[in-house]
Amino acid sequence: RLPFSPTSAIPVFWWPRLRSNLESSDMPLKRIQYSNDGTFGNSIETEWYLARVLGIKEPYGVDSTMMLDMYSKRGIGAGANVDYKREKYFGNINGYIINDRGKDDLGRDRKNIEPDQNLRGMLNFQHRQFLPEHWQLTLESSYISDETFLEAYRREEFFQSRGNETSVHLKWIKDNQAFAMLGRWR
C-alpha cells in the first residue's frame, strides 16, 4: 500500500507566488513574439511597459511602451511609443532605431536592396493643442532614415498611413465659419 493516494499532489519544486492586477498587469513585459523567415532570420520582438521598466509611476493620461527586438540576420533594434492626452491637448511620439546589417526584401523585382547606411530608423511627433477663442494648433514632424525603412520594418504603417511630413496647422473654427493657415514641408 502507498503512503499517499495516487490523486494527491506531491510538490516536485517550489514556485514563488505570482500576483497580478487583472486590469493592468504588474509585469513590465507587455508582449513577446517569436518568428523565423528568410529576410530577418530568427526574430524575437518584445514590447514593454516603459514606466514599469524605469520603475516610475506613469503620469495621468500617458501610455508608454518600449520595444526591444532581436533579428538574427539584421541586428538589434529598440524603440519607444508614447501617447499622451490631457483636457487641452493630446499627441504621440514614437521612434525606432536599428543597426541593420542585412538587405531589404520588398518582393518581386525589389529583392536584396542594400540600404545606404547601417544605422536606420524613424521618429514621429504629433501634437494637437486646443487654444482659447476657438483656435486649434496641430504640429507634426517626421524623420525616416531612408526610403525603404518603413516598408521593411513597419509594413502596416507604410501601407495605411497618409504619409510622413512636417507641418504646422493653425485654425480657427466657430459654428460654420473657419480660418486656417498651413505650413508643410518634407
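Guide: Lys85 of the protein chain stands opposite Phe90 in β5. The model is a predicted one, and β4 has the highest mean pLDDT among the elements of the chain, at 96, whereas helix α3 (residues 155–160) has the lowest, at 78. For the protein chain as a whole, the mean pLDDT is 85, with 87% of the residues reaching 70 or more.

The two strands are part of an open sheet of 9 strands, whose order is β1-β2-β3-β4-β5-β6-β7-β8-β9 and whose pairing is antiparallel. At its edges stand β1 (29–37) and β9; each has a single partner strand, so one side of each is left without a neighbour in the sheet. From one strand to the next, the twist averages 10 degrees.

Strand β8 (residues 166–174) and strand β9 (residues 177–185) are antiparallel and share 9 bridges, with Ile173 opposite Ala178 in β9. These strands form a hairpin with 2 residues between them, and Asp175 in the turn has a positive phi of about 55 degrees.

The largest nonpolar core has 11 residues in all: Phe40, Met67, Tyr71, Tyr96, Ile98, Leu106, Met122, Phe149, Leu150, Ala152 and Tyr153. Two or more residues come from each of β3 (62–71), β5 and α2 (149–153), and α2 gives the most, with 4 residues. Ala152, a member of this core, touches Phe40, Asp104 and Leu106 when residues up to four places away in sequence are not counted.

Of the contacts between residues at least 6 apart in sequence, 44% join residues at least 24 apart. Among the 186 residues of the chain, 28% count as buried. The chain exposes about 13,800 Å², of which carbon and sulfur atoms supply 56%.

Notes
Residues numbered from 1 in each chain as written. Predicted model: local features only at pLDDT ≥ 70, side-chain atom pairs only at ≥ 80, totals over all residues. Heavy atoms only, no water. Pairing = 2+ DSSP bridges. Buried < 20%, exposed > 50% of the residue type's maximum accessible area, 1.4 Å probe, protein only. Contact = heavy atoms within 4.5 Å. Areas by Shrake-Rupley, 256 points an atom, 1.4 Å probe, with all protein chains shown as cover. Axes fitted to C-alpha atoms, helices over the stretch in contact; angles between N-to-C directions. pLDDT = per-residue confidence, 0-100. Core = buried A, V, L, I, M, F, W, Y, C linked by side-chain atoms within 4.5 Å.
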